[in-house]
Amino acid sequence: MRAAAHLTVALAGDGARTRITALRSDPPLILRPTNPAGPEPVARWNLRETPVVRVSLAAGAAGPVGGDDLRLSVEVGPGAALVLRSVAATLVLPGPHRQHSLSETTVRVGAGGTFVWLPGPVIAARGCHHRAITHVTLEAGARLLLREELLLGRHGERPGAIRQRLRVCLGDRPLHDQEIALGPGVEGWDGSAVTGGRRALGSLLVVDPDWAGQPFGLPSPTARADTALLSLSGPAVLVTALADDGLILRQRLNTGLAALEACLPRGCA
Amino acid sequence: MTLPETTQLSPTSEQASLSGLLLLASGRFPAGGHAHSGGLEAVVTVEGVRDIPGLEAFLRGRTATTGVVTAAFAAAACAALTDPAGCGVAMLGELDHELDARLPAPALRTVSRRLGRQMLRAGRVVWPHARLDELADAMPHGPHQPVALGAVAAAAGLGAHGAALAAVHESVAGPATAAVRLLGLDPFAVHAVLARLGPSLDAIAVEGAAHARTAPAGLPARGAPLLDILAEHHATWEVRLFAS
């Protein structure tokens, strides 16, 4: 299945609200405007008081399945704010003829814009052969919160092969570029350098231009070595965690984000 | 029977660089690597790695992540100085930015720059070269280790493949040596692990060399989440045998 969905939001003329200016679903990528559900992350961004628009991404079919080529592009106009969530977890499955599947996401956030992306976890089912590429470009003053969660197989299942690359640039300068490659055919992926045999891993990337030039002294969110707050070389922090299952992973990422938020109002420098 | 007259044999350029490669890749090269365990000390304490199979799994994971990135960046840095079309020190700056983006853990960025500085300091004396002086002037805080290694490899007369091979070898030899000191493992058995890893290291070096002319943005970015998390925790320990 090939699909290319597209979403553009922009600040409406009076600057009081963000408007969806283009929304093209392409099954199985279904985009739906939604009402706020639950508290918004990053209290200091005060998204409830900001002209923000909320959209959900739902899957109109199982998968991605081997052979699928799914592309999503998102544009957030200057000063606009978008919260994009997905309705459920993504179960990546093998195709009938062992083909690879690909999902590619391209995001551009205009100057002073805000993009919050909270997809559900990606589950790499046995036999899958998936590649995910996400490329985010942030213009001057743009903010980003991006969560990625990866579960290695369904309950009690060996995972398939999965590669996820996330590249975030500030203008044309790289800020964060990481590829995770796991599963059969990847050397040492379950050894103690990469996952140490754990079945869930994830990260929350927070980019806030207000942090430019601030040296971070970030706390360790837990006493155990399963979560870390990593101050990137730029105005950004990566919360990264490993866990034995998706539930604990989500808790650890939330704990990490809470620890980050707790140190922000005091300047953290 | 008469013996053929002895002739002066001169090595091919590939053969000529081999002694440089041995020198650069040697654990005795004074670039400060001996003070670092490549994450092994934290892994031993936190993850409970105790034996040869555990060490081998760790090294395989490290090679496929850090090793792949290091090899490709060392190859690209070397090519930037040796290629007639290479952009020289300006390209090394760009490679350094790209590597910064690939090292999310601040503790590992600090270690990489410290090792890069030490590598460059040693390299400038061992293989004096104007480009190395230029690099040291352009990056007073020290270039990242793979960038410095690639530049020093170029000064030593190596090509991109030699630089990648030295880099990937260094990415496992350090932790393997540390394993002997940390765990008291049999050094013969540890070197047998390194020998078993040989084909993987060779393949990664070839892959790295193939990236010699890749645009910096397209270079590998393999991450190792556990190494990142453990590096941050390790940096806070009061008592430790290794700096990283």
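This is a predicted model: local features need pLDDT of at least 70, side-chain atom pairs count only at pLDDT 80 or more; totals for chains, interfaces and linings use all residues.

Trainee: How are two packed helices described in general?
Mentor: One gives the angle between their axes and the distance between the axes.

Trainee: At what angle do the axes of helix α4 and helix α5 of chain B cross?
Mentor: The axes of α4 (residues 52–82) and α5 (residues 89–101) of chain B cross at roughly 165° and come within 8 Å. Angles over 145 degrees count as roughly antiparallel, so α4(B) is roughly antiparallel to α5(B).

Trainee: Is the crossing left-handed or right-handed?
Mentor: α4(B) passes α5(B) in a right-handed crossing.

Trainee: Which residues make that contact?
Mentor: From α4(B), they include B:Val69, B:Phe73 and B:Leu81. From α5(B), B:Met91, B:Leu95 and B:Glu98 are among them. The residues of this contact divide into 11 nonpolar, no polar and one charged.

Trainee: Turning to the chains, how many residues of chain A are in contact with chain B?
Mentor: There are 38 residues of chain A in contact with 38 residues of chain B. The area buried between the two chains is about 2800 Å², and carbon and sulfur atoms give 56% of that area.

Trainee: Which three residues supply more than any other three of the area that chain A buries?
Mentor: A:Glu187, A:Ser192 and A:Ala193 do, with 22% of the area that chain A buries against chain B.

Trainee: And how many salt bridges are found across the interface?
Mentor: Five salt bridges are found between chain A and chain B.

Definitions and conventions:
Residues are numbered from 1 along each chain as its sequence is written. Chains are lettered from A and ligands numbered from 1 in the order in which they are written. Side-chain values use heavy atoms; hydrogens and water are left out. Axes are lines fitted to C-alpha atoms, for helices over the stretch in contact, and angles run from 0 to 180 degrees between N-to-C directions. Helices (H or I, at least four residues) and strands (E, at least two) are DSSP runs, numbered from the N terminus. Angles under 35 degrees count as roughly parallel, over 145 as roughly antiparallel, 65 to 115 as roughly perpendicular and the rest as oblique. A crossing is left-handed if the near helix is turned anticlockwise from the far one by less than a right angle, and right-handed if clockwise. Contact means heavy atoms within 4.5 Å. Ala, Val, Leu, Ile, Met, Phe, Trp, Tyr, Cys and Pro count as nonpolar, Asp, Glu, Lys and Arg as charged, and the others, Gly among them, as polar. Buried area is the accessible area (1.4 Å probe) that two parts lose on being put together, summed over both. A salt bridge is a side-chain nitrogen of Lys or Arg within 4 Å of a carboxyl oxygen of Asp or Glu.
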